[in-house]
Amino acid sequence: MNLNFNDFQKQDIKFDVNKLQNAYKELLTIKGFSGIDGVSNFGAISLTQIPGDPDSIKGNKARGVFWTKPDSSGKEAMRDEMIDESAYSEFIEDYKHTYFKEVFDVLSSKYKLGRVRILLKEPRSTLSWHRDPEPRLHIPIITNPGSIMVIDNVAKHMPADGSVWITNNTKYHNAFNGGEENRIHLVACVLDYKFN
């Protein structure tokens, strides 16, 4: 059987992974997540918000709607609430001096973005099997060979080398971190990208 990796599309753009890792460390300091266990206090740090609305990045608004098949019946269920991704256009003031602002500006010039977040997957953990309303852009910042994303039944590791990927999150997928350190990705909702 030939595996088809069309749902993982590497983009013709690259960032400096060392600058990304340093910007991530800056973020932790700004947010007060320093200390040995500080990182595990969050799952997502939002880099964008609805203009003038800091509440737009709190609680389930940071998650947004997704669909899942929670039990053996295979019946699909909706979780959380719909979000107007296109409203998340304001880069958060506290992070404007970091490299993430430069990354955001470049990405915004090429794609119509929704929420832009730094997402953490803790060691030996997994997401649920679910699908999202739109594709996602991934820039791995810290990862390990045991960090894998699965779309349908195709598994792929995306290395932290500054590359940008767009993944077809409209299909059922998950991500797991089988390593022993945190997996950190910059993840953005992409509103104008079509998978063939």
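User: Which side chain does the side chain of Thr170 make a polar contact with?

Analyst: The partner is the side chain of Asn168, and the polar contact with Thr170 spans 2.5 Å. Keep in mind that this is a predicted model.

User: OK, and where is Thr170 found?

Analyst: Thr170 sits in the loop that joins β13 to β14, the latter covering residues 173–177.

User: Is Thr170 buried, exposed or partly exposed there?

Analyst: Its relative accessibility is 34%, so Thr170 counts as partly exposed, since the class lies between the 20% limit for buried and the 50% limit for exposed.

User: What is Thr170 in contact with, leaving aside its neighbours within four places in sequence?

Analyst: With those neighbours set aside, Thr170 contacts Arg131, Asp132, Pro133, Glu134 and Pro135. As for Gly59, which is 111 residues away along the chain, its C-alpha atom and that of Thr170 are separated by 22 Å.

User: Switching to the sheet: in what order do the strands run?

Analyst: The open sheet is built from six strands in the order β1-β13-β10-β15-β7-β2, with antiparallel pairing. β1 (8–14) and β2 (44–46) are the edge strands, and because each has a single partner strand, one side of each has no neighbour in the sheet. From one strand to the next, the twist averages 30°.

User: How many bridges are there between β2 and β7?

Analyst: β2 and β7, the strand of residues 113–121, pair in the antiparallel sense over three bridges. Within that pairing, Ala44 has Leu119 as its bridge partner, and Ile45 has Ile118.

User: And β7 with β15, how many bridges?

Analyst: β7 and β15 are also antiparallel, pairing over seven bridges, and Val116 stands opposite Ala188 of β15.

User: How many of the residues of β7 are buried?

Analyst: Nine of the nine residues in β7 are buried, so the strand is mostly covered.

User: Which strands does helix α1 lie across?

Analyst: Helix α1, residues 17–31, lies across β2, β7, β10 (136–142) and β15 (183–190), and its direction is at about 85° to β10. Helix α2, residues 99–110, lies across β1, β7, β10, β13 (163–167) and β15, running at about 135° to β7.

User: What span should α2 have, and what are its ends like?

Analyst: With 12 residues at 1.5 Å a residue, α2 should span 16 Å, and its end C-alpha atoms lie 17 Å apart, which agrees. The buried residues in α2 include Tyr99, Phe100, Lys101, Val103, Phe104 and Leu107.

User: Which residues have the most contacts inside the largest nonpolar core?

Analyst: The largest nonpolar core holds 33 residues, and those with the most contacts inside it are Phe100, Leu107, Ile118, Leu137 and Leu186. The elements contributing two or more residues to this core are α1, α2, β7, β10, β13 and β15. Another core, of six residues, lies apart from it, and Met149, Val154, Met158 and Trp165 are among its members.

User: One more residue: where is Glu85, and is it buried or exposed?

Analyst: Glu85 is in the loop between β5 (77–79) and β6 (90–91), and at 6% relative accessibility it counts as buried. Not counting residues up to four places away in sequence, Glu85 touches Leu113, Gly114, Arg115, Glu134, Cys189 and Leu191. Glu134 is also one of the residues in contact with Thr170.

How values were computed
Residues are numbered from 1 along each chain as its sequence is written. This is a predicted model: local features need pLDDT of at least 70, side-chain atom pairs count only at pLDDT 80 or more; totals for chains, interfaces and linings use all residues. Side-chain values use heavy atoms; hydrogens and water are left out. Two strands pair if DSSP finds at least two bridges between them. Helices (H or I, at least four residues) and strands (E, at least two) are DSSP runs, numbered from the N terminus. Axes are lines fitted to C-alpha atoms, for helices over the stretch in contact, and angles run from 0 to 180 degrees between N-to-C directions. Contact means heavy atoms within 4.5 Å. Buried means under 20% relative accessible area, exposed over 50%, partly exposed in between (1.4 Å probe, protein chains only). A polar contact is a pair of N or O atoms within 3.5 Å; within protein, one must be able to donate a hydrogen and the other to accept it, and residues adjacent in sequence count only if both atoms are side-chain atoms. A nonpolar core is a set of buried Ala, Val, Leu, Ile, Met, Phe, Trp, Tyr and Cys residues joined through side-chain atoms within 4.5 Å. The expected span of a helix is 1.5 Å times one less than its number of residues.
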